[in-house]
Amino acid sequence: LAVLARHVAGQSGRASCPCIENILTEPSLSAISQYREGDQLVFTPSGSTTKYYYPLTYGSRACSAFDDGLPPSCSGSARPGWCGAKWCYVNPSNCEGVRKIGTRLFFNVENLYFSYDTCAGAGESTNSVDQWTAQDTQVAQNVIELIEDYGRSARFVLEDIFKNYNSTQSCSTVGRDMCPCTGCVQSPIWQNSMDFLDTGYLPGSSGTADAQRRAACLSSGVSGTYKTAAAKEAESSFSRVGYLYFGDQATGGYTSWPREDFCSAKSTGWDPRARPWYAAGATGPKDVIIIADVSGSMGTSDRHTLAKKAVMKILDTMTWKDFATIILFNDGVKAAYSPELVPMTDNNRLAMKSWCESQIWRGGGTNFEKPLTRAFEILARSVSKGETSMCQKVIMFLTDGQDPSYGSDSHYSELSTQATKYDVFMFTYSLGSDADISKVKRMACENRGVFYPVPDGADLAAVMSDYYEYFAHGQEMCSAS
């Protein structure tokens, strides 16, 4: 437990949005009393039993760097930049022309807002980019460092909540729903109904009841960091589009600032874990070769449709930092999208999807060796030409059939030799009841990968697009040099 005092001095905010003199005596903030213990205010992070104590003057009377030196975010050596910034609590009914955000600590107190903007001098901005531009400093480098700073702060908060999570503690997300987004107002700039005063939370569709509770606690906790960053960096009119967001691996829950209407996305089964930013964060830059069986047996139980859908979804998990291509095979290489890997720009992704739509996904026999040989030939050319992310390489191999000609020790030895040479992880998938499980399982297990048996009718797209989980759980990850 930390007991800290903070001397409050300085200006009392702009005339159009003055600081609250005393949040304890403000009639509209009577709920703050539940956070008072003696002569201190107590903050308990979401889902935790740890308590942090602040002075009763915290956020009141005048502008001050109230957070400087305070736990949990501003007491360590790696403190976010906003720790030393001046702010104060304001009354939304007595605050005009100033950027304000809902409370980040005392969530049960309605109408409790704070503002950095009101503490800025005349003509000054709290936005870091505006400050650097005025000072003629290296804006680009500073922006990178600022993003890393805020990202690190959010990570520390999430890790602390995860570590200290107590299943007996409840974490409310009331008032932060994104479907329906009650109170959200249509914004022509953001092209959606928005609420800039709070973060939003969209519960995920998977995970246990306990995982759902923990996801809500993670959301509530990181909400404070997001609102702090938004309060300091967003424009007063919120005309500059920019998001802060977090996806929960166990449930698919989604938290973002600003809060916005997500009903349309929710109706389509939207899942943050399938978004490019999520996979990129979990894996880092990567080279991916998708090898898909298009033999005659893929016509059984609509497997060919499932396979095409899966390939499309995998493409959607990649960003411009990734390189990829697609190989379709039957009794030989039926088709290959490109002779080398291609960067996954938006245009290339659309072109690859169009190519997939134009292909025939069923017909012919089954041969494993020829598409694998082609895959390593593509990797060799890509590396020699520099068409690569320079990071980990993944081959995803999908089949529903059997290849009697493949399976000797020499086959597996050659596969391992090539995989080691090019630093490849093998992910293999058997679809339906007819696949030769033993062979594709051995391909993966001998080459640092994972084997997935997928029954007919299962969500093959979801299974294959979750490949990034392997890297998210502590396997090799790198950054492009």
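The following is a conversation about a predicted model of a protein chain and the reasons behind the terms used for it.

User: What does the protein chain contain overall, and how many of its residues count as buried?

Analyst: The chain holds 12 helices and 22 strands, and of its 481 residues 52% count as buried. Its C-alpha atoms fill a box of roughly 80 × 50 × 40 Å along the principal axes.

User: Why is Asn127 called buried?

Analyst: Asn127 has a relative accessibility of 5%, and buried means under 20%, so Asn127 falls in that class. The residue lies in the loop between strand S9 (113–115) and helix H1 (128–135).

User: What makes the approach of the Asn127 side chain to Glu233 a polar contact?

Analyst: The side chain of Asn127 reaches the backbone oxygen of Glu233 at 2.3 Å, and the cut-off for such a pair is within 3.5 Å. Leaving aside neighbours within four places in sequence, Asn127 is in contact with Lys232, Glu233 and Arg240.

User: Why is the pair of Phe43 and Tyr52 called stacked?

Analyst: The search of the whole structure finds 34 aromatic pairs, and in the one formed by Phe43 and Tyr52 the angle between the planes is 25°, where planes under 30 degrees apart count as stacked. The distance is 6.5 Å centre to centre, and rings pair if their centres lie within 6.5 Å. Phe43 is buried, since its relative accessible area is 9%, and Tyr52 is buried as well, with 13%.

User: What makes the pair of Phe425 and Tyr470 edge-to-face?

Analyst: Their planes stand at 70° and the ring centres are 5.7 Å apart; because planes over 60 degrees apart count as edge-to-face, the pair of Phe425 and Tyr470 takes that name. Phe425 lies in strand S21 (residues 424–431) and Tyr470 in helix H12 (residues 469–472), so the pair ties together parts that are 45 residues apart in sequence. Both Phe425 and Tyr470 are buried.

User: How do you know that Arg448 lies over the face of Phe425?

Analyst: Arg448 is placed at 4.1 Å from the ring centre of Phe425, and the distance required is within 6 Å, together with a position within 35 degrees of the ring normal. In another such arrangement, the charged end of Arg104 sits over the ring of Phe114, 4.6 Å from its centre. Phe114 also belongs to a cluster linked by ring pairs, which includes Phe43 and Tyr52.

User: What makes S7 and S9 a pair of strands?

Analyst: Three bridges join S7 to S9, where at least two bridges are needed, and the two strands run antiparallel.

User: Why are strand S7 (88–90) and strand S8 (101–102) called edge strands?

Analyst: The open sheet has three strands in the order S7-S9-S8, with antiparallel pairing, and each of the edge strands, S7 and S8, pairs on one side only.

User: How do you know that the buried residues of H10 line one face of the helix?

Analyst: In helix H10 (residues 437–445), Lys439, Val440, Met443 and Ala444 are buried. Seen down the axis of H10, the buried residues fall within an arc of 135°, so they line one face. Ser438 and Cys445 are exposed on the other side of H10.

User: Which elements do the buried residues of H10 pack against?

Analyst: Those residues pack against helix H8 (369–385), strand S20 (392–399), helix H9 (409–421), S21 and strand S22 (450–454).

How values were computed:
Residues are numbered from 1 along each chain as its sequence is written. Side-chain values use heavy atoms; hydrogens and water are left out. Helices (H or I, at least four residues) and strands (E, at least two) are DSSP runs, numbered from the N terminus. Buried means under 20% relative accessible area, exposed over 50%, partly exposed in between (1.4 Å probe, protein chains only). A polar contact is a pair of N or O atoms within 3.5 Å; within protein, one must be able to donate a hydrogen and the other to accept it, and residues adjacent in sequence count only if both atoms are side-chain atoms. Contact means heavy atoms within 4.5 Å. Rings of Phe, Tyr and Trp (its six-membered ring) pair if their centres lie within 6.5 Å; planes under 30 degrees apart count as stacked, over 60 as edge-to-face and the rest as tilted. The arc is that of the directions from the helix axis to the C-beta atoms.
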